[in-house]
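Subject: Structure handover

Hello,

Here is the structure I said I would pass on. My notes on it follow below.

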Amino acid sequence: MNPAEMVGAHLLPGVVLRRTRQQRAADHFAAAGDVLRRAELLAALQRFQVRVAAVSGPEGLQDGVQRRLPGGGEGQGALRAPGAAGRERHQHGSHHIGEALAHPQSALHTLRMPHNAVMEEGGLYVVRGLVGNTTLTELDLAHNHLTEACALLLADVARGFYRGGEKVSDSGLKKLVLSGNPSIGVKAAKLLVRSLANERVRHLELANIGARAGASRPLAHGLRDPAVAWQYLDVADNWFGRAGLNQMFWALRQNKRLRVLKVGENRTGTKFCSNEDALLKHGIAVVRALACNVVLRELDLSFSSITTDGGINLLDALIDNRTLKRLSLRGNLVDDNIALMLMELLRCNSVLEVLDLGRNRLGFSCAYSLAESLETNRSLKTLLLDYNQFGGAGNATLDAFSRSLMLNCTLEVLVLDGNRLGSDWGVRLAETAARNRTLTQLSLRDNRLDVRAGRALLKAFRHCPYLVELALTADEVGVDLWEEFKVVFSQKKASIHPDALYKETQLTMQQSELLKSYGQHGHD
């Protein structure tokens, strides 16, 4: 049996190869031959009509090519081709993937190769395979070692395919993930953004690619252009600075497509979003964008050095915003002076579902404001307050916080890690969780709890049917209680059917037929 036939033996309908079976398949491949040759790989791709190829794992391409290959939506399998030693493995695996992409009968529409330590030469093999390929719609090369040469070639591919000076066809790419490749650099990042600002690309992740303020201008132009189809844009962990981000937010005001924007950790400085950041009488860019934009659903401004002044401006703008559902201000310099504005936001805003204020400088006043506002809030589902300064807030704050959680009917996830709350908070939160019917995840790690608080939380966790996950620190509650927590957690995990977690996203056959009929009536 040749290696291509052995691939078919392991690609049975409905079979997913786990770790042990993958190892067994690798042994068969090793016995049949050292590597899959070009013709054998192409024969396997054509025979099984492969649609999705995922090359992943901690060892990446260094130990060969590993793929999950759902064929036509009917079955799943795993293909593993052990390669040669050292650097040649990267080149060998990437070379075959590139040739498979360049083949006229290639049916691949998704290729995921994150965390594979792909170097420049391997990346060039893969990108060259995209020249002329119109079937691939999703490409993930995140967290490799791609360089400027790879990005420049990919930019040429994204512009479309030309023959004799005339455009033959457009690239099929709709989703591109290049995050975690800082060697791409300034020049390639700018050209890449320009080429990807088109009516086809909808999902774009360019976090930590070495981009600087020069790339913010084509990004702003893409946000202004109504023909650009971006719906998801992640450009975090670059070097755009305050001026670069402001350009993007001014452009965001009239954008009607973007749903998710992640721009955190872009070295903006402490003036960002503050009153000093205002542009004459036009105001602050971020505030104006939140006031004018009507489609943005998620905004990530984490680790942006936003001070209390900027935090107040942001929260004030969100009070009248009716579209934003997720906001992250993690890792900024916001302190207790935002307490009143935070209370006003949670009382008046009925849209925000996820609020991340972790790793700031919030203190007693913010804790009390949260306690007072959660009682009447009817939209917030996830609240992250880890590693602030709530410790020693006092009995009045504790009573208010406990009462508000008992009366709240929407909050599902609450994270209070690293706030040094103490034993009394642990005991009271255990009583609160027993009376709350919506809280499913509660995290209290690194909070100076003791055995007394551990017993109260264990009792609540055991008897509360709604609380599914409770995070604690083993050193604080003791080893014996920790073992009991593990037993209860295992019992709860085993008693929940996985289908129940996705009940809202499942459609019956009747509902599917009904939705199809809507589309047919629209075309008639």
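At what angle do helix α5 and helix α6 pack? The model is predicted, so local features need pLDDT of at least 70 and side-chain atom pairs count only at pLDDT 80 or more, while totals for chains, interfaces and linings use all residues. Residues are numbered from 1 along each chain as its sequence is written, and side-chain values use heavy atoms, with hydrogens and water left out.

The angle between α5 (residues 120-129) and α6 (residues 148-159) is about 10 degrees, and their axes are 9 Å apart. Axes are lines fitted to C-alpha atoms, for helices over the stretch in contact, and angles run from 0 to 180 degrees between N-to-C directions. Helices are DSSP runs (H or I, at least four residues), as are strands (E, at least two), numbered from the N terminus. The two helices are therefore roughly parallel (angles under 35 degrees). On α5 the contact (heavy atoms within 4.5 Å) is made by E120, G123, L124, V127 and R128, and on α6 by A149, C150, L153, L154 and V157.

The whole structure has three aromatic pairs. Rings of Phe, Tyr and Trp (its six-membered ring) pair if their centres lie within 6.5 Å; planes under 30 degrees apart count as stacked, over 60 as edge-to-face and the rest as tilted. One of the pairs is F401 with W425, which is tilted, at 5.6 Å centre to centre and 55 degrees between the planes. F401 is in helix α14 (residues 395-407) and W425 in helix α15 (residues 423-435), so this pair ties together parts 24 residues apart in sequence.

Regards

Note on methods:
Parallel < 35°, antiparallel > 145°, perpendicular 65-115°, else oblique.
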